[in-house]
Amino acid sequence: GPATITVVTIAAHFNSYPEGLRLDLASLKDPSIYNRMDAYVQSKLANVLFAQELATRLESSNVLVNAIHPGMVTTNLSHSLLPWVRTHIGDALVDFVKSKSELAGWHPAD
């Protein structure tokens, strides 16, 4: 029967550079110019582009390729996770996660 490949990513790829992926090897080597959020967003865009390319290559086969954003779910996990994210990734992602979790409107206890 048909097969499905699902690449899980998030909608952060919409915040990438206008031209798409930008491979900046200098920033990978220099912590003073490296931006964690830019790298994170680029990795999400790379996931989407990978799924698109894989779908093109498997077009004539019986394989469906999807890239999905699973959405946000309001849980108590964010209370312990957000301080770690703030420390290791940065405030921009914390603000993004907080805003999306407030809009989620669904909690597992509901």
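Modeller: A salt bridge is a side-chain nitrogen of Lys or Arg within 4 Å of a carboxyl oxygen of Asp or Glu. The structure holds one. This is a predicted model, where local features need pLDDT of at least 70, side-chain atom pairs count only at pLDDT 80 or more, and totals for chains, interfaces and linings use all residues. Residues are numbered from 1 along each chain as its sequence is written, and side-chain values use heavy atoms, with hydrogens and water left out.

Biologist: What makes the pair Arg57 and Glu53 a salt bridge?

Modeller: Their side chains meet at 2.7 Å, N to O. The cut-off is within 4 Å, so the pair counts. Side chains of opposite charge can pair when their charged atoms come close.

Biologist: Where do Arg57 and Glu53 sit in helix 2?

Modeller: Helix 2 covers residues 36–57, and the two are four residues apart in it, so about one helical turn separates them. Helices (H or I, at least four residues) and strands (E, at least two) are DSSP runs, numbered from the N terminus.

Biologist: Why is Arg57 called exposed?

Modeller: Its relative accessibility is 63%. Buried means under 20% relative accessible area, exposed over 50%, partly exposed in between (1.4 Å probe, protein chains only). Arg57 is therefore exposed. Glu53, at 38%, falls in between, so Glu53 is partly exposed.

Biologist: Which residues make the nonpolar surface patch?

Modeller: Leu23, Leu25, Leu28 and Tyr34, with about 450 Å². Patches are made of residues with over 30% relative accessible area and no salt bridge; like charges are joined within 9 Å, nonpolar side chains (Val, Leu, Ile, Met, Phe, Trp, Tyr) within 5 Å. Areas come from the Shrake-Rupley method with a 1.4 Å probe; for residues, only the protein chains shown count as cover.

Biologist: How do you know that Leu28 counts as exposed?

Modeller: Leu28 has 56% relative accessibility, so Leu28 is exposed. Leu28 lies in helix 1, residues 25–29.

Biologist: What elements does the chain have?

Modeller: Four helices and two strands. Their order from the N terminus is β-α-α-β-α-α. Of the 110 residues, 22% count as buried.

Biologist: Where is confidence lowest, and where is it highest?

Modeller: The score is pLDDT, the predictor's confidence in each residue, from 0 to 100. Helix 4 (residues 91–104) is lowest, at a mean of 59, while strand 1 (residues 3–8) is highest, at 92. Over residues 103–108 the pLDDT is below 50. Beyond near neighbours in sequence, that stretch has 13 contacts (heavy atoms within 4.5 Å) in the model.
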